[in-house]
Amino acid sequence: MKTIDVCLSPDLIHLHNLKDKNVVIVDILRATSCMVSGLAFGIDHIIPFSNLEGSQAMKAEGYLIAGERGGEKVEGFDLGNSPFDYMDKKVVGKKVATTTTNGTVAIEKSRAALNVIIGAFLNITAVVNYLKQRDESVIVFCAGWKGKVNLEDSLFAGALVERLQNDFANECDSPLLVQAAYQSMKHDLVGFVKNSSHAKRLNRLNVHKDIEYCMKLDVFDLVPILKEGKLVLL
Ligand code: 3SL
């Protein structure tokens with residue numbers, strides 16, 4: 001039977017064998033929610049960079065450059081890391097190069113995978129359907145915050161495990177852990193996430209509407225996938 005495992009932080013990814021597996025990158029607040037929204041809104045493709053310089057250099061190649069550090073838009077960049085920046089008419093048909101604190105780092109660390117796909121609550125059913133129809137095992141890779149575990153990515157992982165439990169066997173214990181967390185909080189996901197450390201961080205930056213938006217379920221029926229270093233729609 002196909003298996004599912006959950007990596008709770010980029011600092012633990014070396015413990016997982018990604019070869020021949022489908023890896024779902026998760027950074028609910030806000031990187032993967034931005035990627036899903038932007039590609040749905042008409043961005044041609046997105047190139048993720050783990051460092052500022054990589055993204056910055058793409059300006060000369062005609063890319064819009066996007067990114068945050070500490071949650072704030074990088075000075076001189078075209079876009080920050082709000083999903084609403086990614087749903088502005090100026091992005092339609094454009095190529096975007098992005099760098100974020102955690103999400104793009106997780107993508108960078110997933111290069112050994114068979115397929116790297118992008119998950120968010122915004123496209124969870126599309127991700128579930130994609131994984132069900134594939135033959136390979138799955139790693140759900142939570143981007144966390146600077147190596148630490150976070151609530152919102154773990155809850156998404158739990159939601160995914162719950163939806164896949166009839167098709168995949170748990171590879172270790174983290175799927176059980178995140179599923180139990182999801183089951184105990186699913187009656188008020190937004191309320192619990194509003195109390196998370198990153199939601200508080202974003203609120204200090206006056207970023208409020210992104211949190212509720214990123215917790216919406218199934219706004220888009222699409223799956224972004226990494227092809228030759230570029231995120232495109234399947
Ligand atoms: O770390 C990341 O990848 C970002 O999503 C963090 S933030 O929400 O933009 O602060």
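R30 is found in the loop between β2 (22-26) and α1 (31-41), where helices (H or I, at least four residues) and strands (E, at least two) are DSSP runs numbered from the N terminus. A cis peptide bond, with omega about 0°, joins L29 and R30. D20 lies in the loop between β1 (3-7) and β2, and its phi is near 65°, a positive value in a residue other than glycine. Most residues other than glycine have a negative phi, and most peptide bonds are trans.

The model is predicted: local features need pLDDT of at least 70 and side-chain atom pairs count only at pLDDT 80 or more, while totals for chains, interfaces and linings use all residues. Residues are numbered from 1 along each chain as its sequence is written, and side-chain values use heavy atoms, with hydrogens and water left out.

**Ligand site**

Around the ligand there are 14 residues, of which D27, R30, N81, T100 and N102 come nearest; a residue is near a molecule if one of its heavy atoms lies within 4 Å of it. This shell divides into 4 nonpolar, 7 polar and 3 charged residues. In these classes, Ala, Val, Leu, Ile, Met, Phe, Trp, Tyr, Cys and Pro count as nonpolar, Asp, Glu, Lys and Arg as charged, and the others, Gly among them, as polar. The table lists polar contacts, pairs of N or O atoms within 3.5 Å.

| Side chain | Ligand atom | Distance |
|---|---|---|
| D27 | oxygen | 2.7 Å |
| T100 | oxygen | 2.7 Å |
| H198 | oxygen | 2.8 Å |

The protein covers 100% of the 290 Å² of accessible area that the ligand has on its own, by the Shrake-Rupley method with a 1.4 Å probe.

**Cavity and pocket**

On a 1 Å grid over the protein atoms alone, a cavity is a set of points where a 1.4 Å probe fits but cannot get out, and a pocket is an open set with protein on both sides within 12 Å along at least five of seven lines; lining residues have an atom within 4 Å of a point.

The structure holds 1 cavity of 30 Å³ or more. About 80 Å³ of space lies in the largest cavity, a volume being the space filled by probe spheres set on the points. The ligand sits in this cavity, meaning that more than half of its atoms lie within 2 Å of the grid points. Among the 15 lining residues, L29, R30, E68, W145 and H198 lie nearest the centre of the cavity.

The largest pocket holds about 160 Å³ of space. R30, G71, S82, V207 and D210 are the closest to its centre among 13 lining residues.

Methods: A polar contact is a pair of N or O atoms within 3.5 Å; within protein, one must be able to donate a hydrogen and the other to accept it, and residues adjacent in sequence count only if both atoms are side-chain atoms.
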